[in-house]
Each structure stands twice: as C-alpha cells, then as structure tokens.
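Subject: Handover of a structure and notes on its features

Dear colleague,

Please find below the structure that I am handing over to you.

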Amino acid sequence: MLEKIVKQVQEARDSFGGDLLFYRGHADVDWSLTSGLARSKRAEKLEQIMYYDFITRAGTLLPLNASSWFHLFAMQHHGLPTRLLDWTTTFGVALYFAMKGCTGDAAIWVMDPFKLNKECWTEGTIPAPDELEANYYDAFVTGDKKIPGSAVAISPTRENPRIFNQKAAFTLQVDLKISLEEMCPSALRKIVIESDQLDEANEFLRLAGISEFSLFPDLDGLARDMLFEHFGVID
C-alpha cells in the first residue's frame with residue numbers, strides 16, 4: 001500500500017515539473033499549513049517580547065553576534081512559536097514526522113517552493129535568509145522594513161545538526177491571517193496516509209534507518225530513540 005503513496009508523490013513531482021520539492025508530514029490529516037505564531041491568538045502580539053526575552057535569557061547559549069535569522073531558527077527548533085513552518089527536502093523525513101504520534105489518518109504535504117515564491121513573494125527562486133529584502137529583526141521585531149508578499153520559501157544554512165540531518169527548509173509566513181494552502185493552492189498537494197497504511201509506513205522507516213536519533217543527533221534524540229525501541233513510546 002506504500003506504493004500508492006509513493007506514486008502520488010511521483011505524480012505531484014511530475015505535475016510541478018521540478019526535482020526540488022519541499023515535504024511536510026502531519027500526524028493529523030486535518031491540520032492546516034499554518035505556523036506556530038499564526039496558530040496562537042496571543043503570539044503575534046508577543047513576537048517582539050519573545051524575541052528579546054529569548055536572546056536575553058539565553059545569554060552565552062547563543063553564539064556571540066549571531067544574526068536575527070539564527071535566533072529565529074533557534075527559537076523554532078526549541079519549541080517557541082514563530083513565523084516559520086518546518087519543511088524538508090526528503091520524503092522519508094516528512095513521512096517520519098507524519099507517523100510520529102499518529103493514531104488515525106495522516107498526511108504529507110508536497111510543495112513546489114519555486115511556484116509558491118513566484119506567486120506569494122517576488123520571484124521564482126529560493127533565497128537564503130540573508131538574501132531577503134530585510135532581516136528578521138528589522139521586518140518583524142522593529143517593523144522598520146518590509147518583506148513583500150504573503151509567504152516565502154527559504155533555504156537556511158545548515159549549521160545546526162538538526163537542520164542538517166533533517167535536510168530542513170522553511171516557509172516564512174509574512175501574512176499570519178491565512179494558511180499556505182489558502183494562499184497558494186496551486187503550489188501544494190496533500191497526500192493522505194490512511195490509518196491502515198501506518199504499520200507499513202513505520203516498517204519502511206525502520207528499514208530506512210530513519211529515527212529520532214538520526215533526525216535529532218543529540219542526547220535528547222538518543223533517549224527518545226531508546227524509549228521507542230525498548231518501550232514502544234516516545235516521551
């Protein structure tokens with residue numbers, strides 16, 4: 001039955017006409033493509049406070065003179081709500097996150113980042129964060145500058161081991177009032193993974209060696225990997 005999912009991914013790739021696609025796994029088929037900041041009713045009002053609070057309280061845990069983009073990626077990867085939505089350039093990684101904690105139907109979203117940027121940003125390229133019209137601090141903390149459009153797919157530098165191992169990419173949600181699938185439906189395909197396909201999907205991940213520790217290469221990831229291996233759960 002996994003062949004059906006792979007065939008749908010191939011059909012999406014063929015319809016978009018490009019080799020580089022972004023993938024995102026959802027453990028619940030009904031979840032929309034909205035960032036953590038967009039899902040929180042209070043977070044947008046607290047965005048500036050969260051940024052200052054994070055870099056102040058983190059202190060030496062953050063590199064000296066790191067960019068505001070670095071701070072934003074650190075906030076995202078440590079669980080704070082941001083304007084970022086996590087994607088990956090690897091189907092297997094998206095499948096893992098779709099299976100994580102899934103008890104019913106799951107989904108994998110496939111996105112053409114070039115098409116999204118052409119329609120929602122200014123051109124059909126995938127910029128690095130530093131190539132955008134403004135940095136995160138100026139655009140969203142002080143508001144002194146603007147990033148045009150409603151959303152933009154970006155390719156981060158992969159200095160963080162988690163970003164590197166997950167082959168991570170991001171969308172930056174400029175407009176928080178509308179989900180990505182509403183902004184640009186033509187750049188997205190939703191592939192449903194039905195509940196009777198979960199066992200086969202998890203077996204594929206096991207054979208492929210995709211696990212908590214492979215995606216989170218630190219002691220936390222190792223501990224969660226061991227919990228799943230020996231107890232069948234990830235705490």
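The notes that follow describe strands, helices and a few individual residues.

Please bear in mind throughout that this is a predicted model.

**The strands**

I begin with strand β5, which spans residues 168-173. Six of its six residues are buried, so β5 is largely enclosed by the rest of the structure.

Strand β5 is paired with strand β2 through five bridges, and the two run antiparallel. Within this pairing, T88 has A168 as its bridge partner in β5, and D86 has F170. Strand β2 itself covers residues 84-88 and is mostly covered, with four of its five residues buried.

Strand β4 is also joined to β5, here by four bridges and again in an antiparallel arrangement. One of the residues involved is V152, whose bridge partner in β5 is L172.

Which parts of the structure cover the buried residues of α4? They include the helices α3, α7 (136-141) and α8, together with the strands β2, β4 and β5. Helix α4 is mostly covered, since nine of its 10 residues count as buried under the 20% limit on relative accessible area. The buried residues are S68, W69, H71, L72, F73, A74, M75, Q76 and H77. Just after the helix, G79 adopts a positive phi of about 95 degrees.

On the α3 side the contact is made by M50, Y51, F54 and I55, and on the α4 side by S68, H71, A74 and M75. By type, the residues of this contact divide into six nonpolar, two polar and no charged.

**Helices α5 and α10**

The crossing of the two helices is left-handed. Helix α5 contributes G92, L95, Y96 and M99 to the contact, and α10 contributes L198, A201, N202, F204 and L205. The residues of the contact of α5 with α10 comprise seven nonpolar, two polar and no charged.

Most residues other than glycine have a negative phi.

N65 has a phi near 65 degrees, a positive value in a residue other than glycine. N65 lies in the loop between α3 (43-58) and α4 (68-77). Is N65 buried or exposed? N65 is exposed, with a relative accessible area of 73%.

K167 also has a positive phi, of about 50 degrees, although it is not a glycine. K167 is located in the loop between α8 (161-165) and β5. At 32% relative accessibility, K167 counts as partly exposed.

**Two further lysines**

K115 is placed in helix α6 (residues 113-120). With a relative accessible area of 29%, K115 is partly exposed. Which residues does K115 touch, leaving aside those up to four places away in sequence? The residues touched are C184, S186 and A187. K115 and C184 are 69 residues apart in sequence, yet their C-alpha atoms are 8.6 Å apart in space.

K177 is found in the loop between β5 and α9 (180-183). K177 counts as exposed, at 75% relative accessibility. From K177 to T82 the separation is 95 residues in sequence and 14 Å in space, C-alpha to C-alpha.

With kind regards

Key: Residues numbered from 1 in each chain as written. Predicted model: local features only at pLDDT ≥ 70, side-chain atom pairs only at ≥ 80, totals over all residues. Heavy atoms only, no water. Buried < 20%, exposed > 50% of the residue type's maximum accessible area, 1.4 Å probe, protein only. Pairing = 2+ DSSP bridges. Contact = heavy atoms within 4.5 Å. Left-handed = near helix turned anticlockwise from the far one by under 90°. Nonpolar A, V, L, I, M, F, W, Y, C, P; charged D, E, K, R; others polar.
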